[in-house]
Amino acid sequence: MHLAVFGGTFDPPHNGHLALCLFARELLAIDRIVISVSNNPLKQTRGASDSQRKHMAELFAAEINLTGTTCEVSGWELEKRQPSYTVDLLHYIKNLYPKAGITLLLGEDSFREFPLWKEHEKLCSLCRIAVFRRMTTEKEYLTAATDEWKDLPENVTFIDFSYPVSSTDIRELAATGRSIENLVPPSVRRYITEQGLYRK
Ligand code: ATP
């Protein structure tokens, strides 16, 4: 079995996350996806609570499951109630699925900070890493991280991907009452409306 781990704050999960997971499934032959909801250290005053973010991640996982993938949500990072590190998450997942191969899915913006991550070299020995290029809303790619890296670890793959949407965009649209239709899965959109999330 090959497992993908996809972590984020998911405040809220959006169609960029959805496209990335489905693209990874097709391209990397993933059998199962674990969505890990992380603590949100930069939590904004208008952001969703931990339980609301976890609930939205579960709605998001259910949408993926409709397409035939097995996708589950882990609240392990949230339960720790302290800064969590990807290397510790990977150890935890490895214990749960000792026989599985693991690929960590990352957006390019997250990967830029990779050299600063706790035990990042160790992390490379625990999993493959798939980095998805990320287009900004100005429809430009960030400078390719590959250009900046001299010793890119062997098991890191860059994947061309262009889906210029972010949770920040969604929060800003929702704050001013503009439509977020087609930017988030329908069940997530309904939940945002019901809970009055991100409104000023
Ligand atoms: P925010 O705008 O609040 O920073 P976000 O849209 O980056 O949120 P996160 O939950 O922080 O969403 O992202 C989880 C992971 O998904 C990160 O690795 C991030 O880089 C990646 N990601 C999110 N949106 C995209 C996208 N449109 N294209 C490629 N990667 C993405």
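The points below cover the basis of the model, the ligand site, the strands, the salt bridges and some backbone details.

1. Basis. This is a predicted model, in which local features need pLDDT of at least 70 and side-chain atom pairs count only at pLDDT 80 or more, while totals for chains, interfaces and linings use all residues. Residues are numbered from 1 along each chain as its sequence is written, and side-chain values use heavy atoms, with hydrogens and water left out.

2. Ligand shell. There are 21 residues around the ligand, and Asp109, Ser110, Tyr163, Ser167 and Thr168 come nearest. By residue class, the shell divides into 7 nonpolar, 10 polar and 4 charged. In this scheme Ala, Val, Leu, Ile, Met, Phe, Trp, Tyr, Cys and Pro count as nonpolar, Asp, Glu, Lys and Arg as charged, and the others, Gly among them, as polar.

3. An oxygen atom of the ligand is 2.9 Å from a backbone N or O atom of Gly107. For Ser167, a backbone N or O atom lies 2.8 Å from an oxygen atom of the ligand. Thr168 uses its side chain, with an N or O atom 2.5 Å from an oxygen atom of the ligand. Of the 610 Å² of accessible area that the ligand has on its own, the protein covers 88%. Accessible areas come from the Shrake-Rupley method with a 1.4 Å probe; for residues, only the protein chains shown count as cover.

4. Elements at the site. Two or more shell residues come from each of strand S1 (2–8), helix H1 (15–28), strand S4 (101–107), helix H5 (108–111) and helix H8 (167–175). Helices (H or I, at least four residues) and strands (E, at least two) are DSSP runs, numbered from the N terminus.

5. Strand S5. In S5 (residues 128–132), 4 of the 5 residues are buried, so the strand is largely enclosed by the rest of the structure. Buried means under 20% relative accessible area, exposed over 50%, and partly exposed in between (1.4 Å probe, protein chains only). S4 and S5 run parallel and are joined by 5 bridges. S5 also runs parallel to strand S6 (residues 156–159), with 4 bridges between them. Strands pair if DSSP finds at least two bridges between them. Val131 in S5 stands opposite Leu106, and Val131 also stands opposite Phe158 in S6.

6. The whole structure has 7 salt bridges, each a side-chain nitrogen of Lys or Arg within 4 Å of a carboxyl oxygen of Asp or Glu. Arg112 is partly exposed, at 27% relative accessibility.

7. Asp50 and Arg53 form a salt bridge, with their closest N and O atoms 2.9 Å apart. The two are 3 residues apart in helix H2 (residues 50–66), and so about one helical turn separates them.

8. Glu154. This residue is found in the loop between H7 and S6 and counts as exposed at 84% relative accessibility. Its C-alpha atom is separated by 8.9 Å from that of Arg128, 26 residues apart along the chain.

9. Backbone geometry. The peptide bond joining Asp11 and Pro12 is cis, with omega about 0°; Pro12 lies in the loop between S1 and H1. Asn182, in the loop between H8 and helix H9 (186–195), has a positive phi near 70° without being a glycine. Tyr198, in the segment after H9, also has a positive phi, about 70°, and is not a glycine. Asn182 counts as exposed at 62% relative accessibility, whereas Tyr198 counts as buried at 3%.

Key
Near = heavy atom within 4 Å. Polar contact = N/O pair within 3.5 Å; in protein donor to acceptor, adjacent residues only side chain to side chain.
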